[in-house]
Amino acid sequence: MIEISGLTKSYGATTVLDGIDFRVDDAQIAAIVGPSGAGKSTLARCINLLERPTTGTITVDDRELTSLSRRDLRDARRQIGTVFQSASLLRRLTAAQNVALPLRYLGLSDAELRLRVRDLLDRVGMLHRANHYPAQLSGGQRQRIGIARGLALQPSVLLSDEATSGLDPDATRSILDLLTGLRDDLGVTILVITHEMDVVRTVADVVAHLDHGRIVESGAVADVVRRSDSTLSRALLPLPPAPAEDTLRTWRLRYAADAIDPRWLARAGRELGTDIAVLAALVEEAGHEQVGRLTVGVDAGLDDRRVAEAFARQGIRAARATDGDVELDEQAIA
Amino acid sequence: MTALVLGTPWGEVPDLLLPALGETALMVGIVMAIVVALGLPLGLLIFNTSPGGLAPNRTVNASISWIANLGRSLPFLVLMAAIIPFTRFVVGTTIGIQAAIIPMSLAGIAFFARLVENAVREIPPELLDVGLATGGSRWQIVRSIQLVEALPALAAALTLNVIAMIEYSAIAGAIGAGGLGYLAVNYGYQQFDDNIMISCIVLLVVLVQVIQFTGDRVVRVLSH
């Protein structure tokens, strides 16, 4: 469990984080998203106390970190595994030696150490690369080693700061599968800092949108994607571009598969007494749910309120599309 | 004296040259041992008290930095002359190998400390974060991350420093410190002994080349 409460971080007159409140429950994967410069990395560094917050508290598993002495802090940090951007491995150490580093700090015997390192490398599928140096590994493999090192002290919380940025889609996918496995098998609470919406869609249970040092929107991914008019939901599931139609009025629709009858489109059309044109549509999984998004064209002569109500009766969230919506989707967050 | 014009016969050159080489090696060896023992910690201290270090402390950093600069700001010949009272205090004499070791060590420590500082500064800052985030103490991080990752750069710094010390040992020859520099100045220069002069030059050039070559090889082996 991670609980961030009233967190503020300032450097002189510059406030980088401004009153952050955020909570991640046990065995959840949370994602913090936001444009570069929003304060994501500072937030990550505050959580493992590499930076001291100016005000506010960070609680990890019922231990409040900001009030700890240097000595206790070292101990508390061991409960928080960190996976750094581009892995940050020591170039002169082998994969196994890199993974062993936190265990050496702890003062484990060589025999114990070898055993643990073996287990860790096995878990991330890198046992066959144990004696390779970082320069001999691919980006995805290095990141696996980084995750193994993050897990070395059996932390209850794993912090991942842009762990997949710069990786190709296959490598990203396998790293995300690995993270999901850690949550499911070991019950690790994971906080992912990312600017990649794919990552959020694929693994996150909860999400928070950080902008200019504040959380502007947050919630369970499953809830966020149902919202029809939020920046975060648009960024998570952008609508496909649709051709403009003169005689039709464009609507943006959004639904969760479990909340509707599959025949909703025909039913809504019948109720309105018109043919609804599907201009673009996508169904995707996000937050463990099938979420559908459509851009449809409806006869411009119909009353907007009537149309919205007809969709609402089918369990569909509808909003009139305005010019520039599509560009907005793409630029919303990343 | 005929020797003034003729120079030492080639057959007798090694008798002069080899002991001088031994003296140079001894002088540089002792000095380097002192330089590494004191310069390495000093360099680590300068880096780690600087803003990117493990224990930033402006006052401490500025003070040590100032001392290190002091050792490097004077030309070696001037430094050697300037600290004569200190040298006499420490080793009881102002001539010979013992006397040369003091100014050479001071200049060498200041030089090496800066080289160490630069070598450690080259380490990506995230690696220090890795050490801290995985529960390492500052001392553990110095040993397991800073010294390990900077090792190739430290080997290069050591090579550079050894060569600088050979040069200083030659300058120290001026105060009768012995070694190749003393030989070159007293026989080669003051007595116009070209054979000795040429032998000293060739030997010094070969010595420096061999050290640089060896140093480069070591750096390559250490870098992965």
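Two strands were taken to pair if DSSP finds at least two bridges between them. Strands (E, at least two residues) and helices (H or I, at least four) are DSSP runs, numbered from the N terminus. The model is predicted: local features need pLDDT of at least 70, side-chain atom pairs count only at pLDDT 80 or more, and totals for chains, interfaces and linings use all residues. Residues are numbered from 1 along each chain as its sequence is written, chains are lettered from A and ligands numbered from 1 in the order in which they are written, and side-chain values use heavy atoms, with hydrogens and water left out.

In strand 13 of chain A, A:L294 is the bridge partner of A:L253. Strand 11 (residues 248-256) of chain A runs antiparallel to strand 13 of chain A, with nine bridges. Strand 12 (residues 277-286) of chain A also pairs with strand 13 of chain A in the antiparallel sense, over nine bridges. Here A:A277 lies opposite A:G297 of strand 13. Two residues separate strands 12 and 13 in their hairpin, where A:G287 adopts a positive phi near 55 degrees. Strand 13 (residues 289-299) of chain A is largely enclosed by the rest of the structure, because nine of its eleven residues are buried. Buried means under 20% relative accessible area, exposed over 50%, and partly exposed in between (1.4 Å probe, protein chains only).

A:S165 sits in the loop between strand 7 (157-161) and helix 6 (169-186) of chain A. A:S165 counts as buried, because its relative accessibility is 16%. Beyond its neighbours within four places in sequence, A:S165 is in contact (heavy atoms within 4.5 Å) with A:Q85, A:H195 and A:E196. The side chains of A:S165 and A:Q85 are joined by a polar contact of 3.4 Å. A polar contact is a pair of N or O atoms within 3.5 Å; within protein, one must be able to donate a hydrogen and the other to accept it, and residues adjacent in sequence count only if both atoms are side-chain atoms.

At the interface, 22 residues of chain B contact 24 residues of chain A. The buried area (accessible area, 1.4 Å probe, that two parts lose on being put together, summed over both) is about 2100 Å², with 57% from carbon and sulfur atoms. On the chain B side, B:T134, B:E149 and B:H224 lose the most area to chain A, together 30% of what that side buries. Two salt bridges (side-chain nitrogen of Lys or Arg within 4 Å of a carboxyl oxygen of Asp or Glu) cross the interface. B:D129 forms a salt bridge with A:R45, their closest N and O atoms being 2.4 Å apart.
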